[in-house]
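Hello,

Here is the structure I promised to pass on. Please open it beside this email and follow along.

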Amino acid sequence: MSERKKKVVILGSTGSIGQSTLKVARHLTDRMEVVGLGAARSAEKLAAQLAETGAKHACLSDTDALQSLQGQVSADTRIYSGDEGLIELATLEEADIVLVAIVGIAGLRPALAALEAGKDLAVASKEILVMAGEQVMETARRTGAKVLPVDSEHNAIFQCLEGRSPQEVSRLILTASGGPFRELPAPDLLKVRPEDALKHPTWDMGPKITIDSATLFNKGLEMIEARWLFEVEMDRVDVIVHPQSIIHSMVEFTDNSVLAQLSVTDMCFPIQYAITWPERLANPLPPLDLASIATLDFETPRFDDFPALNLARRAGEIGGSLPAVMNAANEVAVARFLEEGCTFPQIWEHVAAVMDSHEVIVRPDLDDLIAADCWARAVSL
Ligand code: MG
């Protein structure tokens, strides 16, 4: 096994996952080298990250923030900008692996470009596999690049599968914390305010994904991701509520044996495994103390009160452009809810209505998917 450093590009470096990835890099200095960093608009944070990592390639999507970045970095730093810049970073000659953690659709083209260039892809942005799972996996197969899941659930399943074929799998079982309203009576969901929904019981994440965890759309998106990543049909993807978030997900095999992956809740675990795979390396994270946790609980999700799961199942079963439409409609509805422009249940009511009015494109190409995304956003306004 080579002890060579893996050269990593991080797209979305100033977000929650990006910052955790830099934390991992700090402890893996002899095995991981950050060579490129991309952010949306936080010039100051990005400049500090460039100084810390010594990365010589940087991209800001927002061209207005560029000037401010230029004044804060060393003269030998190459600065790229806009969507084209993200693609240049994703295909950097020296990069071995590209971690994409950009919220929204902006990560899709860079992710495909990285795979096309033969780079391994560590996926943290859900949109990539939800919208274009088929295209992503096809590209990876063709170029021999690897798709490595960063999401804790998929990373867990990836660890449990470890080389098993899809034929040996009877069910993928995604665990869900259930979010802050797991026990809230259905009528009270109407009274939920953004500040209530932003309090996640077990994970500390960005606002969009925290709201998605409260509606369970996050788990719905993860069901679709799992279907593509692990090449199983939607009816072999299940969800169970597990409030402690200690089991990150499970695989039930055809012999009814179940393997689970457990650790304390910290995104640095799955990020490190995605980067160092197939190796396991020591880390400074706390070991799991099961005796002090004492109890692991499980419940069936409240499918009727949280319709996101069934909407996602339908989107995943029908496929084509429908998952992209569901994702976009949800993004708009979440933004509206955060601005107090709609109630909490109106998030899934809106998504359902947009899905119902969509004429599904059966075998979409990338342009069709982006058009479907735009259509869903336009009708959402
Ligand atoms: Mg997750």
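Predicted model: local features only at pLDDT ≥ 70, side-chain atom pairs only at ≥ 80, totals over all residues.

**Strands, then domains**

Now widen the view to the two strands. Strand β5 covers residues 97–100, and strand β6 covers residues 120–123. They pair in the parallel sense, over four bridges. Helix α1, residues 16–27, packs on the sheet. It touches β1 (6–11), β2 (32–39) and β5. The direction of α1 makes about 160° with that of β2.

What is the order of the strands in the open sheet? Reading across, it runs β4-β3-β2-β1-β5-β6-β7. That makes seven strands, and the pairing is parallel. Two of them are edge strands: β4 (78–81) and β7 (147–149). Each of these pairs on one side only. Neighbouring strands of the sheet are turned by 25° against each other on average, direction ignored. As background, strands of a sheet pair through backbone hydrogen bonds, either parallel or antiparallel.

Next, the domains. The protein is divided into domain 1 (6–149) and domain 2 (154–375). Their centres, taken over C-alpha atoms, are separated by 23 Å. The contact takes 37 residues from domain 1 and 40 residues from domain 2.

How much area do domain 1 and domain 2 bury between them? The value is about 3,300 Å², with 70% of it on carbon and sulfur atoms. Look at Lys 126, Val 130 and Pro 149 in domain 1. These three lose the most area to domain 2 on that side. Together they account for 21% of what the domain 1 side buries.

Between domain 1 and domain 2 the count is five salt bridges. Arg 363 forms a salt bridge with Glu 134. The closest N and O atoms of that pair are 3.5 Å apart.

Which elements supply at least two residues each to the side of domain 1 that touches domain 2? They are β1, α1, β5, α5 (108–116), α6 (126–143) and β7. Helix α6 gives the most to that side, with 12 residues.

Best wishes

Notes: Residues numbered from 1 in each chain as written. Heavy atoms only, no water. Pairing = 2+ DSSP bridges. Axes fitted to C-alpha atoms, helices over the stretch in contact; angles between N-to-C directions. Contact = heavy atoms within 4.5 Å. Domains from an automatic or database assignment. Buried area = accessible area lost by both parts, 1.4 Å probe. Salt bridge = Lys/Arg side-chain N within 4 Å of Asp/Glu carboxyl O.
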